[in-house]
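Take a look at the model first, and then we can walk through it together.

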Amino acid sequence: MTHPHLSDVRATPVTRTSGTSAASLPLVTRIGQVNQRLKGWEAVRWVDGAPRVTDVLRREVDRWGGLGAVYGVLRADPWSAVHWDNGVPPERSAEAYAAVQEHVTTYGDGIPVLFVEEAPHGLMALGGTTLPVNLALGAGMDADLTEELAAAVAAEARARGTHVALVSGLDVLRDPRWGRAEECFSEDPALAALLVTATVRGMQGTASAGDPIDGAHVAVVAKHLAAQGAGMGGRNGSGAPIGRRELGEIHLRPAHAAARAGVAGFMAAYNDIDGVPCSANEDLLTGTLRERWGWEGVVMADGTAVDRLRDSSPDPASAAALALRAGVDLSLWDEAFTHLETAIDRGLVAEATLDRAVDRVLGLKRRLGLLGDAPRDAAGQADGTAGRDVVALVERAARQSVVLVDDGGLLPLRPGATVAVVGPNADDLEAQLGDYTPPRPVPDPAASTVRSALMARFGAERVRHAEGSRLRGPLDDPGALDAVRAACAGADVCVVVLGGTSRRTYDDEFADNGAVAGPARDTTNGEGVDLSSVALPEAQLAVARAARESGVPVVGVVIDGRPRALTALRDLVDALLVVPFPGPAGGEAVAAALCDGTASGRLPATFPAADGVLPVAHDERRETARGYVDTDVLRALPFGTAHTDGTTSRLAGTAGGPAITAAALADGGVVRLTVEVTSTAATDRSLSVPLYGRRHEPGVRPRRRQLLAVRRTVVPAGGTTTVPFDLGLDQLGSWAGGEPVADPVTLSIWCTPEPDPPAGAVTVRVTDENGATPWER
């Protein structure tokens with residue numbers, strides 16, 4: 001069947017209504033509704049200033065009579081080979097979507113298609129706002145700002161016509177060798193859960209599951225479920241050999257938070273858990289999500305994940321049946337789901353199971369208003385005022401991402417100083433952006449590097465620059481380190497900017513799911529870039545040594561998307577800042593920290609003392625062994641590290657500590673604790689205030705320290721502020737099964753950075769009906 005160009009189409013689409021269900025559709029149409037095989041940039045092209053659907057889309061619609069979803073119509077990056085010269089202009093995004101939608105509804109089953117886009121840290125489209133990566137937001141520990149950013153991205157995406165955003169945040173960072181560390185909010189599940197909740201609320205604009213998603217918001221598919229951050233050796237997609245308690249306490253907690261916030265969908269991860277692939281894990285996708293948690297929504301497989309089930313199934317039909325039975329409702333780029341009719345004919349999966357998945361996909365379309373039950377899409381772009389507001393939010397998030405580990409008495413830098421700015425990340429914008437970032441516009445007035453930001457502050461004549469090395473190895477120039485020494489000569493201070501990058505180029509090679517496959521010679525982070533060593537490469541340390549040898553004070557700045565072993569660097573610098581990929585405003589954020597003292601982030605994950613000290617996290621279980629004999633593990637920088645001179649925190653307690661019964665806790669009761677934060681600084685200080693705890697349960701080895709809660713606050717200059725914490729079931733309950741349960745328990749709680757309960761820790765008791773806890777019997 002041959003169709004004319006859209007410009008010649010005159011047929012009137014017959015759009016299905018809210019009463020549409022799987023039972024009303026032919027089998028082939030139902031299979032089409034659970035397929036998402038197309039890459040959107042291949043389905044529509046921008047030709048001669050207008051969108052044109054392609055034969056790829058025509059064939060798919062002809063085959064299935066419609067489509068469940070189309071992924072990536074707006075996607076722009078090296079894998080898609082879409083850039084500013086051939087991509088969809090931002091202001092005409094809705095036209096590209098409309099071309100696809102008109103074709104699907106005119107020549108298909110009349111059911112509108114879902115438009116799905118990646119939004120790992122902003123919409124992955126030309127002109128899309130680029131945020132700091134999740135790990136940077138984790139450093140800021142600001143749930144309110146995270147929600148505002150999410151709402152801004154959602155409004156931008158929906159104004160273009162996007163329906164569904166794929167959003168990272170469920171992964172908990174348990175091994176820094178993993179290249180996707182930057183997509184995690186933290187190594188701590190409580191912080192990840194807090195920020196995932198904020199993200200879902202901001203992007204969806206809903207209060208609970210099933211609420212209609214209006215024309216200013218998008219549906220969220222949260223990824224990845226589950227335990228992808230616990231892969232063996234930090235290798236992407238490798239198995240997670242963990243027990244049920246570890247799964248529940250660490251990896252399911254953010255997912256439970258997302259489900260409770262009414263997230264529209266989950267994406268099943270690539271990895272297996274104890275040998276069972278997540279996309280074929282019925283206990284996870286049906287037993288946990290739907291039966292235990294009562295969540296209703298769509299489960300999407302990760303890209304080609306169902307096809308990857310061929311290692312545990314004899315043929316594509318069997319792979320499709322495995323995933324569908326487990327609870328996968330929508331595939332992504334897979335061929336296996338095209339074999340569902342064969343699977344049904346062979347009795348591998350019931351037709352009713354397919355209908356269940358189809359009704360879930362239709363339910364999402366209904367929730368978004370595509371079947372007539374809620375406001376339809378908002379057309380057009382956000383106005384300029386909204387754009388300026390988003391820029392201000394991004395700049396604030398970038399500043400909050402900067403972690404001052406030690407100021408060495410050097411900061412803030414004095415006005416009028418001559419500054420040497422050296423190192424491979426000193427003047428590299430792409431090194432600040434993170435993985436899966438669309439190409440930035442040229443020119444890019446909203447962007448800054450550390451070098452450009454310091455030049456704006458001190459003047460070009462007072463800022464000297466030398467690259468010194470690449471990220472992985474030395475420069476080809478044999479005089480590169482001499483150039484570093486020359487830049488330092490006569491300078492008042494040297495700022496050495498090192499770290500990593502998730503840079504992708506249009507010459508790189510990619511796997512079938514978009515991960516880096518090669519050569520990416522100087523890329524150190526991102527999907528497909530797992531590292532066996534997280535120590536800074538020798539070539540970067542050589543730059544720091546050259547700066548040290550010059551005799552001037554040295555400030556180290558590490559811009560990276562994963563925890564690094566910084567022991568060697570700490571011996572070469574006087575002051576140290578750590579900055580998870582902070583986005584395009586990152587240069588000015590670092591300059592503000594250096595010059596104005598605005599650094600207010602905390603490490604969102606533990607930075608190990610050395611390569612071999614892995615895995616490492618602040619909430620590991622207490623050990624009975626003494627640790628390594630060849631490494632000083634105390635040189636690690638634990639989660640929550642921040643330079644807080646001039647600020648003190650005190651947890652107000654009561655004699656004997658507060659208590660609450662388990663029944664009252666389960667019924668919504670809380671224990672209120674307050675932290676008094678005092679500052680001697682001459683200006684107001686914005687900072688996060690964490691509350692730590694240790695559970696004491698008979699027969700269970702405790703985690704050394706857990707984050708119970710964290711709040712962002714402003715402490716007035718020379719003053720004190722009181723930060724209240726209401727600790728409820730989430731904070732005081734047990735997460736051993738993946739959801740909070742009120743059990744009698746004793747907890748030690750404190751607010752200072754010690755890894756073990758200090759003398760001033762407050763004891764909180766969750767008691768039985770007789771006022772006792774098992775720890776006291």
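A network of salt bridges links Arg 245, Glu 246, Glu 249, Arg 621 and Arg 703; a salt bridge here is a side-chain nitrogen of Lys or Arg within 4 Å of a carboxyl oxygen of Asp or Glu. This is a predicted model, in which local features need pLDDT of at least 70, side-chain atom pairs count only at pLDDT 80 or more, and totals for chains, interfaces and linings use all residues. Residues are numbered from 1 along each chain as its sequence is written, and side-chain values use heavy atoms, with hydrogens and water left out.

**Salt bridges**

- Searching the whole structure turns up 46 salt bridges.
- Strands (E, at least two residues) are DSSP runs, numbered from the N terminus, as are helices (H or I, at least four residues).
- Arg 694 is buried at 5% relative accessibility, whereas Asp 756 is partly exposed at 24%. Buried means under 20% relative accessible area, exposed over 50%, and partly exposed in between (1.4 Å probe, protein chains only).
- Glu 776 and Arg 765 also meet through their side chains in a salt bridge, at 2.6 Å from N to O.
- Here too the pair links distant parts of the chain, with Arg 765 in strand β26 and Glu 776 in the segment after β26, 11 residues apart.
- Arg 695 and Glu 697 make a salt bridge at 3.1 Å, N to O, and both residues are buried.

**Cysteines**

- How many disulfides does a search of the whole structure find? The count is 0, where a disulfide is a pair of cysteine sulfur atoms within 2.5 Å.
- Cys 595 is in no disulfide either, and its nearest cysteine sulfur, in Cys 494, is 14 Å away.
- Cys 278 counts as buried at 0% relative accessibility, and Cys 595 counts as buried at 14%.
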